Amino acid sequence: KSLNMPALALTDHGNMFGSLNFEKLCHVNGINPIVGCEFYVAYGSHFEKNIVPYSHKGEDGEGKAKYFHLVLLCENQTGYKNMSWLCSLAYTEGMYYKPRIDWELLQKYHEGLICCSACIAGELPQLLMAGMDKEAEELVLKYKELFGPDHYYIELQDHGLPEQKELNPKLIALARKLDVPLVATNDAHYLKKEDAYNHEVLLCIQTGKRMSDEDRMRFETEELYVKSP
């Protein structure tokens with residue numbers, strides 16, 4: 001509200017648990033709530049326990065990823081119902097490290113949803129970083145056809161990471177070539193920039209580590225806060 005934003009989206013990883021409280025708080029403050037979710041997408045079937053063969057790197061920075069990220073936003077009540085189905089099936093059928101969905105489920109439950117290509121852990125960025133430009137084009141066209149030309153967006157992010165500096169020009173060129181709209185986003189794991197240290201401490205508590213541990217989970221940037229337009 002202090003940033004004069006008319007709307008706000010909540011895209012927690014793999015779940016919609018915070019949606020109800022989020023909607024209530026937004027309405028009280030005169031903000032339009034957009035219910036969303038950052039899904040985990042399986043490589044292949046969500047029933048299979050598999051590793052992504054061409055991933056740039058896993059979430060921990062090493063090895064191969066076990067899933068891709070994909071952002072979905074509810075446009076209407078139909079979208080809300082479909083997102084609820086996707087979340088439920090991800091937990092009851094697709095659980096492998098994380099609750100996962102797949103292309104088959106997206107085909108069945110995509111109506112009323114807006115799709116964004118996600119962060120560098122998304123399939124599109126992973127393909128581009130692996131030098132698989134042809135496959136990246138095919139992926140964009142596949143999602144554009146499924147969700148519709150005005151319901152699929154390529155995301156641009158800049159958290160000061162070298163991978164993003166290299167990736168963004170490729171994403172822009174691809175969006176222009178295939179006539180797909182761009183959207184600028186920012187991962188928000190805490191409210192203000194000065195909260196980065198406290199968030200790091202919370203991560204240590206969550207993962208049972210100390211700040212002095214060199215091998216602890218940590219983010220490479222302090223840019224993961226709610227930014228102004």
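1. Buried means under 20% relative accessible area, exposed over 50%, and partly exposed in between, using a 1.4 Å probe and protein chains only. Helices (H or I, at least four residues) and strands (E, at least two) are DSSP runs, numbered from the N terminus.

2. Some ground rules. This is a predicted model, where local features need pLDDT of at least 70 and side-chain atom pairs count only at pLDDT 80 or more, while totals for chains, interfaces and linings use all residues. Residues are numbered from 1 along each chain as its sequence is written, and side-chain values use heavy atoms, leaving out hydrogens and water.

3. Now the neighbours of S7. Two strands pair if DSSP finds at least two bridges between them. S6 and S7 pair in the parallel sense, over two bridges. Here Cys116 stands opposite Tyr153 of S7. S7 also runs parallel to strand S8 (residues 182–184), joined by three bridges. Ile154 faces Leu182 of S8 as its opposite residue.

4. Next, helix H2 (residues 77–92). Its 16 residues should span 22 Å at 1.5 Å a residue, the expected span being 1.5 Å times one less than the number of residues. The end C-alpha atoms are 23 Å apart, which agrees.

5. Which residues of H2 are buried? They are Gly79, Asn82, Met83, Leu86, Cys87, Leu89 and Ala90. The cover over them, by contact (heavy atoms within 4.5 Å), includes strand S2 (32–41), strand S3 (68–74) and helix H3 (103–108), among others.
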